[in-house]
Amino acid sequence: MGPCRITSETQKGVCGASRDLIAARNLLRTVAAGAAAHCGHAQHILDFTGGAMPRRHTPAGGAGSQFLEISEALHLSSMGVGADPAEMLRRALKLAALDGLCGLSLATALEDENFGKPEVKKGILNLACLKAGKVNIAVHGHEPMLVQALAKEASRHTDVNLVGVCCTGASLLSTLGVPLAAAFTRQEDVIATGIVEAMIVDSQCVMPSLPDLCECFHTKLITTSELARLPGALHLPVRSRKEAVRTAKMAIETARRNKKNRSPRAEKEFKNRTEKPENAVVGFCEDNIAAERIAAMLKNGAIKGVIGAVGCVNPRADAAGWINAFRELSADHVILTTGCMAFELGRHGLLTGKRIFHMGSCVNNARLAEVFRRLAALSGGKIAEMPFLVSCPMPITEKSVAIGLFFAALGCDVHFGAPFPINPHTGAAGILAAMLKEQYSSAAVFESAPGAFLAWKRAVTGAAPPPERRGKRREFVKI
Ligand code: BF8
């Protein structure tokens with residue numbers, strides 16, 4: 001009895017659950033968790049601003065009904081409730097669409113309205129944007145309610161260097177051009193430089209290792225979310241604009257006072273590092289991406305398609321291989337990127353704003369959806385008829401899976417690398433494929449090897465692979 005794992009097609013669990021039921025149930029729970037994070041993020045901004053849900057983002061069931069859907073999905077997929085894999089998968093796709101409306105799009109619209117719309121600008125990335133001679137403050141997480149007040153307050157202190165981490169950092173980079181020190185996998189490295197006086201975290205993708213790690217250095221860990229508390233951290237809540245201003249002042253003061261505790265050895269070691277800040281062009285959004293030009297390039301064949309490179313970067317995957325794959329594809333595709341993938345592409349010097357465009361944080365995948373909608377409209381077609389693909393090559397979190405299926409629900413083909421959100425060889429994957437094809441005119445592709453993914457992409461776009469890849473085509477699984 002438990003955990004629900006089955007190794008063969010004919011086997012059933014002690015309770016009678018089949019492999020397909022277990023696979024479908026797991027996918028639904030994954031999407032529910034991802035949607036809960038994004039919809040919660042949007043709701044927290046609404047709570048912060050005291051605003052109401054805008055009409056265009058209100059689901060058919062009324063404001064707040066997205067949370068009921070999430071709750072129903074968890075109920076349905078718990079032990080001994082639903083036993084129909086098709087119903088689970090239907091719900092998963094519905095929830096992914098709701099995630100797009102009430103999570104990604106709503107959070108993006110609220111952030112634009114309250115914290116400013118991104119503008120194209122130069123930015124810098126990686127750990128080298130920390131400064132040995134300054135009080136370094138890193139702001140990390142996903143819900144950027146503090147950052148405007150923090151950036152304003154930081155600008156009053158010439159000795160303070162503010163940097164971002166993860167999606168709060170991507171948001172700060174896009175709107176204010178604040179340097180982005182790290183994405184998810186490198187958040188511990190920021191503290192381990194030994195020259196960060198405070199790390200202020202809000203919510204999501206904040207490693208539980210941070211309190212222990214901060215114990216090893218002088219870094220003060222500050223939490224701001226009522227939901228995401230960390231043991232031993234200083235909690236300075238950000239529940240309103242007034243509180244954001246107060247917390248920003250207190251956090252900066254705490255960090256400035258803490259500089260005296262920095263180890264001179266850590267400072268010396270940091271100065272000896274050879275890594276340089278990586279330049280990038282950032283701040284792209286649906287309003288400044290030159291959709292007419294991209295539509296014209298699609299029409300005249302200058303590019304073969306538009307690819308969204310989204311989601312996490314997994315140290316267990318061939319991250320370098322994926323970066324090379326997108327580098328290669330950028331020769332004849334426009335690539336829009338967000339979240340950790342955007343940081344990783346930037347770290348490799350690829351965010352030049354020519355073919356690969358930084359579109360912000362993971363909730364800002366709503367911007368990709370809007371660009372797709374506009375490109376389809378300019379081309380006189382539907383999203384499903386356009387050469388669009390969203391690739392999520394290393395989906396660590398549930399959020400990445402919800403995002404991928406949101407695009408599939410829009411009619412866009414979606415690629416998932418490992419770990420696959422559903423075993424593509426199960427009957428459940430077959431049901432999902434049929435639903436995507438019949439109801440959403442889309443497909444899902446599962447491929448964990450960058451080279452095989454490239455071969456597949458070349459095959460579907462009709463382009464010849466570069467000479468070194470000829471003869472190396474592998475099987476891929478398209479459902
Ligand atoms: O939401 S890409 S590891 S940081 S989940 Fe997290 Fe994955 Fe990074 Fe932003 Ni998105």
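Predicted model: local features only at pLDDT ≥ 70, side-chain atom pairs only at ≥ 80, totals over all residues.
Residues are numbered from 1 along each chain as its sequence is written, and side-chain values use heavy atoms, leaving out hydrogens and water.

Helices here are DSSP runs of H or I with at least four residues, strands are E runs of at least two, and both are numbered from the N terminus. The axes of helix 4 (residues 147-154) and helix 8 (residues 241-258) come within 8 Å, crossing at roughly 50 degrees. That makes helix 4 oblique to helix 8; under 35 degrees counts as roughly parallel, over 145 as roughly antiparallel, 65 to 115 as roughly perpendicular and the rest as oblique. Axes are lines fitted to C-alpha atoms, for helices over the stretch in contact, with angles from 0 to 180 degrees between N-to-C directions. On the helix 4 side, A149, L150, E153 and A154 meet A244, V245, A248, K249 and I252 of helix 8, contact being heavy atoms within 4.5 Å.

Helix 11 (residues 319-329) packs against helix 12 (residues 339-347) at about 80 degrees, their axes 10 Å apart. This pair is therefore roughly perpendicular. A319, I323 and F326 from helix 11 touch M341, E344 and L345 from helix 12.

As for C362, this residue sits in the loop between strand 11 (356-358) and helix 13 (365-378).
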